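Open the model in your viewer and follow the stops below in order. Each stop says what to select and what is there.

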Amino acid sequence: MMRRMARALGTCVAAATLALAVPGTAYAADGYLIIDGVVHEEPTGCFPLGDFVPPVVSNHTDAIAEVHSGPDCTGEVTWLVYPGESYYPNGSRSVFVL
């Protein structure tokens with residue numbers, strides 16, 4: 001039984017290593033994200049929220065945008081902005097596009 005478990009674990013580790021070692025295609029959301037009045041075409045990654053008052057995030061992509069409480073997409077996720085939605089993230093500092 002131990003041998004079977006060790007073999008299964010080894011297979012899982014090998015598969016995970018292979019999956020991480022093979023570079024995938026880069027992904028960017030289709031569409032655009034408007035953050036504080038600035039349009040970001042095909043966005044991907046983390047975007048800061050500026051000093052625009054009130055801050056606003058408008059998601060016109062096919063992906064979900066996460067609003068984070070801290071800078072550089074750190075801290076808690078305070079809101080999810082789904083495609084077609086807008087949100088006024090008072091107190092939040094950054095946005096991450098999945």
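**Stop 1: a hairpin**

Select Tyr-32 and you will find Glu-41 of strand E2 standing opposite. Strands here are DSSP runs of E, at least two residues long, numbered from the N terminus. This is a predicted model, in which local features need pLDDT of at least 70 and side-chain atom pairs count only at pLDDT 80 or more, while totals for chains, interfaces and linings use all residues. Residues are numbered from 1 along each chain as its sequence is written, and side-chain values use heavy atoms, with hydrogens and water left out.

Now select residues 31-35 (E1) and 38-41 (E2): the two strands run antiparallel and are joined by 4 bridges. They form a hairpin with 2 residues between them, and Asp-36 in the turn has a positive phi of about 50°.

**Stop 2: the sheet**

Show E2, E1, E4 and E7, in that order: these 4 strands form an open sheet with antiparallel pairing. Two strands count as paired if DSSP finds at least two bridges between them. E2 and E7 (86-87) are at the edges with a single partner strand each, so one side of each has no neighbour in the sheet.

Select E4 (residues 57-61) next; 2 bridges pair E4 with E7. Ser-58 stands opposite Ser-86 in E7.

**Stop 3: around Val-97**

Which residues does Val-97 contact, leaving aside its neighbours within four places in sequence? Among them are Ala-29, Leu-33, Pro-43, Phe-47 and Ile-64, where contact means heavy atoms within 4.5 Å.
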